[in-house]
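This briefing is for a reader new to the structure shown below. It goes through a few topics in turn, beginning with the aromatic rings.

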Amino acid sequence: MVAHASLPQSSNVPGGIAIVPLENVIGSGKPQAWLGKQPVLVTSDHNQWFAVVGLALDTAPGAHELRADIGGETQLRQFTVHPKKYPEQHIKLKDKGKVELSATNLARFKREFKAITGYKHHWQAAPQTDLAFILPAKGRLSSRFGLRRFFNDKPRAPHAGLDLAVARGTPVEASAAGTVLAADDYFFNGKTVFIDHGNGLITMYCHLDKFKVKAGQAVRKGQVIALSGMTGRATGPHLHWSVILNGAMVDPELFVQ
Ligand SMILES: [Zn+2]
């Protein structure tokens, strides 16, 4: 694998990132690219434009197509997604209230799901996007991205982020510069901060104890945005950190150098 300073690691699997070459930078304006209807991040590296494509965990392995506008001309670029089998995790939960939702909690969850889905698909064009992230907290990596989880033997959404085991009150830092998209309290994710890094790259920090930022605020890389905790559905204090690219939850470790 070729190491690039400004590109994340490529990994053409569900939950990974495809880096698709578009055009030489010399003599061409910045291309635009789309995966279906969702705009895709385009950046340059070593005089070459690349589309950096987030691949959702439910992406079907096989051939995929990216649509690009290069110098006013529509072009198609093919890329291949390889299968990946993530490990399974079985969890027993005693608090059934967090497994089988009451009507009130289900209504709340549906409202929040809609809002969260909107943040994940947020698109704000930016001249530059910093793709080299720092880990948002210093702590043991206690759960990796992609784990296929079962709560009381019922299949649940796979683990779409990574967990850092940190004590309550640990400072949580912005992985890169950006703008706070939202700082809200959710049923499952607890107190959560979303940061928009531009061009469809969003980070999400969950189960926080205290917010240190507000929606709309600009943040620097490494700025303390919150204190960690265990709000929402958390069996112990930890920071859940997710990275979203063109609406897809991808493996955050691909961005950490
Ligand atoms: Zn987690």
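Eight aromatic pairs are present in the structure, which is a predicted model. The points below take up two of these pairs, then a zinc site and a sheet.

**Aromatic pairs**

- Tyr-119 and Phe-194 make up a tilted pair, with 5.0 Å from centre to centre and 45° between the planes.
- This pair links distant parts of the chain, since Tyr-119 lies in helix H1 (residues 103–120) and Phe-194 in strand E14 (residues 190–198), 75 residues apart.
- Phe-194 has a relative accessible area of 0% and is buried.
- Phe-187 and Phe-188 form an edge-to-face pair, because their planes stand at 80°, and the cut-off for that class is over 60 degrees. Their ring centres are 4.9 Å apart.
- Phe-187 is buried at 8% relative accessibility, and Phe-188 is buried at 17%. Both count as buried because the limit is under 20% relative accessible area.
- One aromatic cluster is formed by Phe-109, Phe-113, Phe-187 and Phe-188.

**Zinc site**

- Three residues supply the protein donors of the zinc ion: His-159 through NE2, Asp-163 through OD and His-240 through ND1. These donors lie 1.9 to 2.1 Å from the zinc ion.
- Along the chain, the donors follow the spacing H-x3-D-x76-H.
- His-159 and His-240 link distant parts of the chain, 81 residues apart. His-159 sits in the loop between strand E10 (154–155) and strand E11 (162–165), while His-240 belongs to strand E18 (residues 239–245).
- Are these two histidines buried or exposed? His-159 is buried, with a relative accessible area of 2%, and His-240 is buried too, at 11% relative accessibility.

**Sheet**

- An open sheet is built from six strands in the order E1-E4-E3-E2-E5-E6, with antiparallel pairing.
- Strand E1 (17–24) and strand E6 (73–81) each have a single partner strand and stand at the edges, so one side of each has no neighbour in the sheet.
- From one strand to the next, the twist averages 35°.
- E1 and strand E4 (residues 48–54) run antiparallel and are joined by seven bridges.
- Val-20 stands opposite Ala-51 in E4.

Conventions
Residues numbered from 1 in each chain as written. Predicted model: local features only at pLDDT ≥ 70, side-chain atom pairs only at ≥ 80, totals over all residues. Heavy atoms only, no water. Donors = N, O, S within 2.8 Å, 3.2 Å for Na, K, Ca; no water. Helix = DSSP H or I, 4+ residues; strand = E, 2+ residues; numbered from the N terminus. Buried < 20%, exposed > 50% of the residue type's maximum accessible area, 1.4 Å probe, protein only. Phe/Tyr/Trp six-rings, centres within 6.5 Å; stacked < 30°, edge-to-face > 60°. Pairing = 2+ DSSP bridges. Axes fitted to C-alpha atoms, helices over the stretch in contact; angles between N-to-C directions.
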